[in-house]
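Okay, thanks everyone for coming.

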Amino acid sequence: MKPRRLRDGRWLFRYNENGTKAGRYLQVLLPAETTKTEAGDAYRKALAGASGRRGHAPRALVRELWARYSAIELPKRAPGWRSRVEGFFERLLLPRFGELRADALTASHLVRYRHERELDHVRGDSRKPFVKGATIDKEISGLLALLNFAAGEGLIERNPIPPRAMRKERRPPAPQNFFRPEEWQNFVHAFDDEKAWAAYARKVQMFGPVLQRPGKTAVGGRFLPRPFGAGRKPGSAASDEHRERLRASVPLFRWLLVSGSRVGEGIALRWRDVDLARGLVTIYQEKTKRAKTLPLSTEARRVLAGAGRGLPDALVFPRPSGGTWDGTKLWKTFKLALALSGGRRALRVHDLRHTAGSWLAQEGFSEAVIAEVLGHKRSGVTAGYVHLRPEHLRAAVEKLGILSLGDARATRAGVENAE
C-alpha cells in the first residue's frame with residue numbers, strides 16, 4: 001500500500017518483507033512533520049530493500065557486488081592482475097557506477113563511459129596521454145566479469161548487458177618486439193660499462209635539490225631543500241652498492257630468456273623445483289594453472305650455478321637483501337639497463353619471452369616444440385595427439401643458451417652433435 005496520510009497527520013504505508021505474499025506484512029508509520037516527498041522516498045527505499053517479485057534476486061548495487069567479488073574471486077587471481085583490477089575499479093568504475101542498481105545497467109551506460117574516458121585527458125589535465133582503446137576495453141571487461149559473477153551467484157537475475165553488446169575497437173595487432181642477438185649482449189653487460197654508468201651517475205646527481213620531509217629540520221618555520229642533489233655521488237661507496245644491487249637482477253633476466261618463462265614465474269622459482277641430478281626444472285605457470293617441465297641447457301645450468309644452491313624452499317633468484325623481487329622495481333632496473341646499453345625503449349621485460357620464441361622460430365624449430373618450451377596451451381585436434389617429452393626439448397633449450405651467448409654461427413646440427 002502506498003503512503004497515505006492519517007487524520008492525525010502521520011503517514012502510513014505497508015509492504016511485504018520479501019516482496020511476496022508469503023512474506024511478513026510490515027507497516028510503517030512516519031511522523032506528522034514528514035512531507036509527501038519524504039514519505040514517497042521512504043516507501044521506495046523500503047521496496048528496494050525487499051526482494052522484488054517472486055523468484056527474483058534482491059536489487060543489489062554495483063558497489064555491493066564489487067565487495068563480494070573482491071572477497072571471493074580476486075584472491076584466486078595473480079597479484080599483478082588483482083592489483084590492476086582493484087585499481088581501475090576503485091579509481092574509475094565505482095565512482096561512476098557504484099551507486100547504480102546492477103540489473104539496471106545497459107550497454108548505453110558503457111558507451112557513455114567509453115566516451116568519457118576518451119575525453120579524460122581533455123577535461124582534466126591536457127598533458128595526460130590519450131587513453132588507449134585497449135585500456136578502456138579491459139576496464140569494461142572487468143565490469144562485465146563482475147556482472148557475470150553476480151548472475152552466477154544469484155545476486156542478480158541475469159547479466160543485464162547481453163553478450164557482444166559492446167564491440168571492441170578494431171585495432172592493428174601490436175608488434176611483437178624481441179631482442180636482437182647483439183642487442184641482448186649489450187643489455188646483459190649494461191651495468192659493466194664504466195663509461196655509461198659514470199654518465200648516468202652524473203646525470204642523476206644533477207636532478208636538483210630534494211625537499212625535506214615534514215618533521216625534519218626547519219629554519220624559521222620553513223622546510224629547506226637539502227644542499228645536495230637527488231642522486232648518489234659518482235664513485236662513492238653508495239653508488240657502487242647501488243650498482244651491485246642492479247647487477248644482481250641480470251641472472252634473473254638471463255633465466256627468463258633461456259627458459260622462456262614469464263616474469264612472475266622466474267621471480268617465484270624455488271630450488272625444490274630444480275632437479276640438477278636429472279637436469280630438469282619444473283615451472284608452475286600461474287596464468288595457465290599448470291606446470292611445464294624443461295630440461296636444463298648448458299647455459300641454464302651456468303645461470304643456476306651463479307645463483308648458488310639454496311634450501312628447497314629458498315628462492316632461486318632473490319634480491320640482494322634476500323627477499324622477493326618487486327615487479328615495479330624490476331621493471332625500472334630493466335629500463336635502466338636498456339638505457340645504459342642503448343637498447344630500444346619499446347622493449348619490455350615480457351619481451352624476453354617473445355625473444356625465446358622468436359629465436360627458436362628463426363632457427364627452424366616447429367611450432368609444437370616452441371609451444372612446449374613456452375608452456376602455451378595449444379588448441380585444435382593436434383593437441384590431443386602430440387605431446388613432447390622433456391628429452392625432445394633438449395636441443396631447443398640448448399640452442400637458447402648458445403644464442404644468449406651471442407654465438408650466431410651455431411647451427412641446430414651443431415647442437416645435436418654436441419649432445
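Let me start with one side chain: Lys-76 counts as exposed, because its relative accessibility is 51%. By that I mean over 50% relative accessible area, while buried is under 20% and partly exposed is in between, with a 1.4 Å probe and protein chains only. Glu-73, on the other hand, is buried at 17%. The two side chains meet in a salt bridge, 3.8 Å from N to O. For a salt bridge I take a side-chain nitrogen of Lys or Arg within 4 Å of a carboxyl oxygen of Asp or Glu.

Before I go on, some housekeeping. This is a predicted model, where local features need pLDDT of at least 70 and side-chain atom pairs count only at pLDDT 80 or more, though totals for chains, interfaces and linings use all residues. Residues are numbered from 1 along each chain as its sequence is written, and side-chain values use heavy atoms, with hydrogens and water left out.

Now the overview. The protein has 17 helices and 10 strands; these are DSSP runs, H or I of at least four residues for helices and E of at least two for strands, numbered from the N terminus. Of its 419 residues, 37% count as buried. Taking contacts with a separation of 6 or more, 62% are between residues 24 or more positions apart. Contact here means heavy atoms within 4.5 Å.

Back to the salt bridges. How many does a search of the whole structure find? It finds 22. Here's one more: Glu-183 pairs with Arg-180, with the closest N and O atoms 3.9 Å apart. In that pair Glu-183 is buried, at 10% relative accessibility, and Arg-180 is partly exposed at 41%.

Then there's Asp-192 with Arg-247, whose side chains meet in a salt bridge at 2.9 Å, N to O. Asp-192 sits in the loop between α7 and α8 (194-205) and Arg-247 in helix α9 (residues 237-247), so this pair ties together parts that are 55 residues apart in sequence. Both ends are partly exposed: Asp-192 at 40%, and Arg-247 at 22%. And going back to where I started, salt bridges with shared partners join Glu-73, Lys-76 and Arg-77 into one network.

Okay, on to the helix pair. Helix α7 (residues 181-188) and helix α10 (residues 250-259) have axes that come within 10 Å and cross at roughly 155°. So α7 is roughly antiparallel to α10. The axes are lines fitted to C-alpha atoms over the stretch in contact, with angles from 0 to 180 degrees between N-to-C directions. Under 35 degrees is roughly parallel, over 145 roughly antiparallel, 65 to 115 roughly perpendicular, and the rest oblique.

Which residues meet there? From α7 we have Trp-184, Phe-187 and Val-188, and from α10 Val-250, Phe-253, Arg-254 and Leu-257. That contact divides into six nonpolar residues, no polar ones and one charged. The classes are Ala, Val, Leu, Ile, Met, Phe, Trp, Tyr, Cys and Pro as nonpolar, Asp, Glu, Lys and Arg as charged, and the others, Gly among them, as polar.

Is α10 itself enclosed or open, and what do its residues say? Nine of its 10 residues are buried, so α10 is largely enclosed by the rest of the structure.

A nonpolar core is a set of buried Ala, Val, Leu, Ile, Met, Phe, Trp, Tyr and Cys residues joined through side-chain atoms within 4.5 Å. The largest has 52 residues, and Trp-184, Phe-187, Phe-253 and Trp-255 touch the most other members. α10 gives the most to this core, seven residues. Leaving out residues up to four places away in sequence, Phe-187 touches Phe-179, Phe-253, Phe-334, Ala-337, Leu-338 and Ser-341. Apart from that core lies another, of 27 residues, including Val-62 and Ile-140.

Lys-289 has a positive phi, near 60°, and isn't a glycine. Lys-289 is in the loop between β9 (280-285) and β10 (290-295), and is partly exposed at 47%.

Okay, that's my tour, thanks.
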